[in-house]
Amino acid sequence: MTPFTFTKTNSQREAVTLGRRPQTAFIAGGTTLLDLMKLNVQAPGHLVDINGLPLDKIETQADGSLRVGAMVRNSDLAHHPAAKERFPVLAEALLSGASPQLRNMATTGGNLMQRTRCSYFRDPAYACNKRQAGSGCAAMEGYNRSHAVLGASDHCIATHPSDMAVALVALDAVVHIVGRKAERKVPVSEFHVLPGDTPSIETVVQQGELITHVTVPASAFAARSTYVKLRDRASYEFALASAAVGLEIQGNQIQSARLALGGVATKPWRSLEGERVLMGAAPHKETFRAAAEAALKGAAAHKHNGYKIELAKRAIVSALTLATQRQV
Ligand code: SF4
């Protein structure tokens, strides 16, 4: 492992100042970063420990939105009454991720910032444009069963690994970020960026910027929301395909809908095409299948991951069916 300095801070201002130094990384739960440092995939010169920052609260605000501090642990958010009762898709997505031990350590901010699980990215013996720009992409002609069918480029086809972020996209959540000068707000749907020809750039966060909290707005579709995750084993496994959905239904008509996908795209993937099919339609299986077809219309497979297209469609139909059955 490459030597690095280590600084603990309880001050947000100091964290932002320290974070502006080149080669500096913030460390919170460490559930991604420590692995990558041990693998020599990431080698920051400076680590700033932000576990002491007062960003560990979950609060319901006057407008009904939920404010989740960046240091809130995934397990605390998953079991919080507001998440379970008002935003079930969020609680379900969190509980489907990783293991109880990892959820006890992983934070809200860190979950958003986690890196891909592409096995070629995690092994410096292989070419990887995300790890080393211009080196190539071993996954293109390699074993790409777990890779993306949506949002890929000629330079990278890695999936984004988060479940929580997929639920937050479906819930129209917003990330709050501070830099040295000002705070800015970024919808979670715009927080992660497509790989394009610069796969090493994964989010809109700039060097030294710090996520302070996430807000999840109150919405009519959140109560009837759910998360379906399909994977190789029942726990401690990343999604091959997942769907986060929310439905507002009046009578026999869908008034509003949200549809986001995980495990199949290079970023947490909102499907406006699928939502358009759902809006105003009757909530039955034919509608759901049509929405699934629309959501995967632009999908493109590589040698080993073509099965994901049908798998994702089935995840969507299953999630929408379960959402209609939820008692609200
Ligand atoms: Fe690297 Fe992306 Fe290719 Fe994986 S898919 S090897 S992360 S460039």
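Student: Does Arg115 count as buried or exposed, and what is its relative accessibility?

Tutor: First, a word on the source: this is a predicted model, in which local features need pLDDT of at least 70 and side-chain atom pairs count only at pLDDT 80 or more, while totals for chains, interfaces and linings use all residues. Residues are numbered from 1 along each chain as its sequence is written, and side-chain values use heavy atoms, with hydrogens and water left out. Buried means under 20% relative accessible area, exposed means over 50%, and partly exposed lies in between (1.4 Å probe, protein chains only). Arg115 has 16% relative accessibility, so Arg115 counts as buried.

Student: Where does Arg115 lie?

Tutor: Helices (H or I, at least four residues) and strands (E, at least two) are DSSP runs, numbered from the N terminus. Arg115 belongs to the loop between helix H7 (108–113) and helix H8 (138–141).

Student: Which side chains does Arg115 join through a polar contact?

Tutor: A polar contact is a pair of N or O atoms within 3.5 Å; within protein, one must be able to donate a hydrogen and the other to accept it, and residues adjacent in sequence count only if both atoms are side-chain atoms. The side chain of Arg115 has such a contact with that of Gln42 at 3.1 Å and with that of Glu202 at 2.8 Å. Contact in general means heavy atoms within 4.5 Å. Not counting residues up to four places away in sequence, Arg115 touches several residues, including Thr32, Leu36, Phe121 and Pro161.

Student: How many residues of helix H5 are buried?

Tutor: Helix H5 (residues 88–96) is mostly covered, with seven of its nine residues buried. Among them are Pro88, Val89 and Leu90. Just after H5, Ala98 takes a positive phi of about 55°.

Student: Which phi value does Gln23 have, and what is that of Asn40?

Tutor: Gln23 is not a glycine, yet its phi is positive, at about 65°. Gln23 lies in the loop between helix H1 (12–19) and strand E2 (24–27), and its relative accessibility is 55%, so Gln23 counts as exposed. Asn40, also not a glycine, has a positive phi of about 60°. Asn40 is in the loop between helix H2 (33–38) and strand E3 (46–49), and is partly exposed because its relative accessible area is 45%.

Student: Why is Gly134 exposed?

Tutor: Gly134 is exposed because its relative accessible area is 76%. Gly134 is found in the loop between H7 and H8.

Student: How many residues surround the ligand, and which are the closest?

Tutor: A residue is near a molecule if one of its heavy atoms lies within 4 Å of it. Here 15 residues surround the ligand, and the closest are Cys118, Cys128, Cys137, Cys156 and Ile157.
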